[in-house]
Amino acid sequence: MAFALACASHTPVMYDRTLAEGQVCDAVRASFKKMQEFVEDFDPEVIIQFGPDHFNGFNYSLMPSFCLAAGAQSAGDWSLPRIKLPVPEEFSLELLEHLRDADFDIAQSYSMTLDHGFVQMWDCMFDRIDRYPLLPIFINGAAPPLPKYKRVRLLGRAVGEFARSSGKRVLFAASGGLSHDPPVAQIKSAAGDARRRLLGTLVETAEDQAVREARVVEFGREVYEGRGQIKPLNSEWDHMILDLLEARNWDAFDKLKANEVVETAGAAANEILCWLAAAAAMDVCTPYRVVQKDYQPAPGWIAGVGHLAAVPDS
């Protein structure tokens, strides 16, 4: 039985050298290479991953705060493969019962769709997204009302308690953020196809998806060229979040409010809820020591790109 922690940012335009300086691209690749070696050395029996979604797997027809997968497939967005993922069903159902006993009436899916918010980090590390058994836990970080930070931390603790008694080598993982202000439509103001997509009633063709993704690339290009109308990256905030995770300062996280995080760090910055849950799960299993903490601001990628890895502090 052993535990480790690995958290990484995602962005749909990762590694696009037309939207970031070459040194940024190279530094991010090096960080992912370091994390790849970390995960391979740990060799997990299962990865419990907390991740967000971008209205590809979840939508406003029914938007849970949390959902546990007993089966999953990748969405195939942003040129990532569309495949069934190796989710250990019985292990997931055991976790479900543990969470119910811990007073978490978490939603459950036997066919969860995972977009780049879950799987891109594995593609960046291994050039494949199904290297290890994966137990996904969705956390809503984009569609208000969002779960409270304290509740997410407590969910992470409950997951960690289960993992601690499982007898398995468990890697807790998360992807999201950091400061991050992509164009996110709001259900209160969205109309037409934008509203239909948020509701999950718009059936996109491959051509529709390509057009939408091209718009995001152009949005990043505007930012890279200084023409974008979004919140700039908040590197000071990003470093603060990484430092709080390293210090295991849970009280500071409990005080965060989702609306204030949006104002400070962007519309998608609440994806750090996933990092919080993974770190809280690790902390229950063992006090931890951070062995990787990297950061690169990438305005054209519309993300502060961070990597955080930790091992037991012993």
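What is the order of the strands in the open sheet of three strands? In this predicted model, the order is E5-E4-E7, and the pairing is mixed. Strand E5 (84-85) and strand E7 (112-114) are the edge strands, and each pairs on one side only. Strand E4 (residues 72-74) and E7 run parallel and are joined by three bridges. Serine 74 has leucine 114 in E7 as its bridge partner. Strands of a sheet pair through backbone hydrogen bonds, either parallel or antiparallel.

The protein chain as a whole holds ten helices and eleven strands. Its radius of gyration is 18 Å, close to the 20 Å that the globule rule gives for 314 residues, so the chain is as compact as a globular protein of that length. Along the principal axes, the C-alpha atoms fill a box of roughly 50 × 40 × 35 Å. Of the 314 residues, 54% are buried.

Aromatic rings were examined next. The search of the whole structure finds nine aromatic pairs. One of them joins tyrosine 15 and phenylalanine 32: the ring centres are 6.4 Å apart and the planes stand at 80°, so the pair is edge-to-face. Tyrosine 15 lies in the loop between strand E1 (2-8) and helix H1 (22-42), while phenylalanine 32 belongs to helix H1, so the pair ties together parts that are 17 residues apart in sequence. Tyrosine 15 and phenylalanine 32 are both buried.

The pair of phenylalanine 58 and phenylalanine 138 has another geometry. Here the ring centres are 3.9 Å apart and the planes meet at 10°, so the pair is stacked. Phenylalanine 58 sits in the loop between strand E2 (46-51) and strand E3 (66-69), and phenylalanine 138 in strand E8 (residues 134-139), so the pair ties together parts that are 80 residues apart in sequence. Phenylalanine 58 counts as buried at 10% relative accessibility. Phenylalanine 138, at 2%, also counts as buried. Elsewhere, ring pairs link Trp122, Phe126 and Tyr132 into a cluster.

Charged groups also sit over rings. The charged end of arginine 29 lies over the ring of tyrosine 15, at 3.9 Å from the centre. Tyrosine 15 is thus part of an edge-to-face pair as well. Lysine 168 is placed over the face of phenylalanine 91, with 5.5 Å to the ring centre.

The cysteines were then checked for bonds. A disulfide is a covalent bond between the sulfur atoms of two cysteines. The count is zero disulfides. The cut-off is 2.5 Å between sulfur atoms. For cysteine 25, the closest cysteine sulfur is that of cysteine 124, and the 11 Å between them is too far for a bond. Cysteine 25 is buried, at a relative accessible area of 1%. For cysteine 67, the closest cysteine sulfur belongs to cysteine 274, and 13 Å is again too far for a bond. Cysteine 67 is buried too, with a relative accessible area of 3%.

Histidine 116 lies in helix H3 (residues 116-126). It is buried, with 5% relative accessible area. Leaving aside residues up to four places away in sequence, histidine 116 touches His10, Thr11, Pro12, His54, Asp77, Trp78 and Leu80.

Some backbone features remain. Most residues other than glycine have a negative phi, and most peptide bonds are trans. Proline 144 and proline 145 are joined by a cis peptide bond, with omega about 10°. Proline 145 is placed in the loop between E8 and helix H4 (149-164). Another cis peptide bond joins glycine 177 and leucine 178, also with omega about 10°. Leucine 178 is in the loop between strand E9 (169-175) and helix H5 (192-199).

Positive phi values occur as well. Phenylalanine 55 is not a glycine, yet its phi is positive, about 60°. This residue lies in the loop between E2 and E3. Phenylalanine 55 counts as buried at 13% relative accessibility. Aspartate 103 has a positive phi near 70°. Its place is the loop between helix H2 (89-101) and strand E6 (107-109). Aspartate 103 is exposed, with a relative accessible area of 58%.

Notes: Residues are numbered from 1 along each chain as its sequence is written. This is a predicted model: local features need pLDDT of at least 70, side-chain atom pairs count only at pLDDT 80 or more; totals for chains, interfaces and linings use all residues. Side-chain values use heavy atoms; hydrogens and water are left out. Rings of Phe, Tyr and Trp (its six-membered ring) pair if their centres lie within 6.5 Å; planes under 30 degrees apart count as stacked, over 60 as edge-to-face and the rest as tilted. Helices (H or I, at least four residues) and strands (E, at least two) are DSSP runs, numbered from the N terminus. Buried means under 20% relative accessible area, exposed over 50%, partly exposed in between (1.4 Å probe, protein chains only). A charge sits over a ring if NZ of Lys or CZ of Arg is within 6 Å of the ring centre and within 35 degrees of the ring normal. Two strands pair if DSSP finds at least two bridges between them. The radius of gyration is taken over C-alpha atoms; the globule rule is 2.2 Å times the number of residues to the power 0.38. Contact means heavy atoms within 4.5 Å.
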